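Subject: Structure for you to look at

Hello,

Here is the structure I promised to pass on. Please open it first and keep it beside you while you read the notes.

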Amino acid sequence: MKILGIETSCDETGVAIYSETGGLLAHRLYSQTAMHERHGGVVPELASRDHVQKLAPLIRATVREAGITCAALDAVAFTAGPGLIGALLVGATLARSLAWGLGIPAIPIHHMEAHLLAPMLEVDRPSFPFLALLVSGGHTMLVRVEGLGDYQILGESLDDAAGEAFDKTAKLLGLGYPGGPAVERLAAQGKTGRFVFPRPMTDRPGLDFSFSGLKTFCANTVRQHQRDEADKADIALAFMEAVVDTFVIKCRRALRETGLKTLVVAGGVSANKALRQALDELARSLRAQVYYPQAQFCTDNGAMIAYAGYLRHRAGVQAPLGFKVQARWSLEDIGV
Ligand code: KG4
Ligand code: ZN
């Protein structure tokens, strides 16, 4: 069984082919970062237009790299939401047309489901059930995962997503877009303890998050204390430590409350090394296991869509022909 996966929900065009027997046969990614950088963030209309130009050639190149032809494909999986509606439509239209032409099913995939399944692409993979910490540019949530499509959201951000907080902090510090890797690089030169940022919503029960206050705290600190590069690095580190600590506190609480012993961390922010180190330590102290996707599959990619498509196709999931892409779509509403 061979599944083509197509990701176009935001600013990356991702294509991959996953085979039941051979694993990931090929994967390609075209990032629009350079185009959006000069605008300080993603411009939706530019994103859609670029997907239109890049997607078909990327599919051709990926199929060639896998050493197969399209006739060997069993299904085409595509990101159907959540995401930028125009960008989603590009992937959905091409995926559906290709599938129709080949006489095979097109499988709509929930972007966050694909993120949380991405660690299963690895040889040392988690098995159900597990707790998932999903930390991306658009979402931050803790999810109880019982099986494919069986998701219960235990907590989520009431305002900004973690990645968004990294991006906004980067902007305040005059760093480029996307902000996460830039803040992480700068924080590596910071002195710990000079600034201490709040750990939002950790002093009350529950598993929800809030990151917009951190941004204000950061803005005030920048205004009052930022004089040179060293100050900038100290602020970046204080911000990152606050985010990491908040996740450690909430993951510890969620693992205790659910009794689960497996933690999966996925989404763009899961590439952060400080976060990984802190969660590794947490898992050790609780005798739990923690799994991450490999770095290239933390941020958006086609491989996770192909893999989610494989699991759904194997499970016999059929989507109605009238299925529409959805800019907003809860993980709890997908089912199997
Ligand atoms: O999952 P993703 O590629 O896209 C969404 O589905 O949103 O996540 C992108 C987000 C961006 O906000 C980016 O700044 C953040 O992930 N990110 C990071 C790191 N690498 C990417 N945040 C912190 N540290 C990183 N190393
Ligand atoms: Zn994503």
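This is a predicted model: local features need pLDDT of at least 70, side-chain atom pairs count only at pLDDT 80 or more; totals for chains, interfaces and linings use all residues.

Residues are numbered from 1 along each chain as its sequence is written, chains are lettered from A and ligands numbered from 1 in the order in which they are written, and side-chain values use heavy atoms, without hydrogens and water.

Ligand 1 has 21 residues around it, and Gly137, Asp167, Gly180, Glu184 and Asp300 come nearest (a residue is near if one of its heavy atoms lies within 4 Å). Domain 1 (2–116 + 297–333) and domain 2 (128–292) both contribute to this shell, so ligand 1 lies between them; the domain bounds come from an automatic or database domain assignment. Helix α6 (179–187) gives the most, with 4 residues (helices are DSSP runs of H or I, at least four residues, and strands runs of E, at least two, numbered from the N terminus).

A polar backbone atom of Gly137 is 2.8 Å from an oxygen atom of ligand 1 (a polar contact is a pair of N or O atoms within 3.5 Å; within protein, one must be able to donate a hydrogen and the other to accept it, and residues adjacent in sequence count only if both atoms are side-chain atoms). For a backbone N or O atom of Gly268, the distance to a ligand 1 oxygen is 3.0 Å.

An open sheet of 5 strands runs β8-β7-β6-β9-β10, with mixed pairing (two strands pair if DSSP finds at least two bridges between them). β8 (150–156) and β10 (289–291) are at the edges with a single partner strand each, so one side of each has no neighbour in the sheet.

Regards
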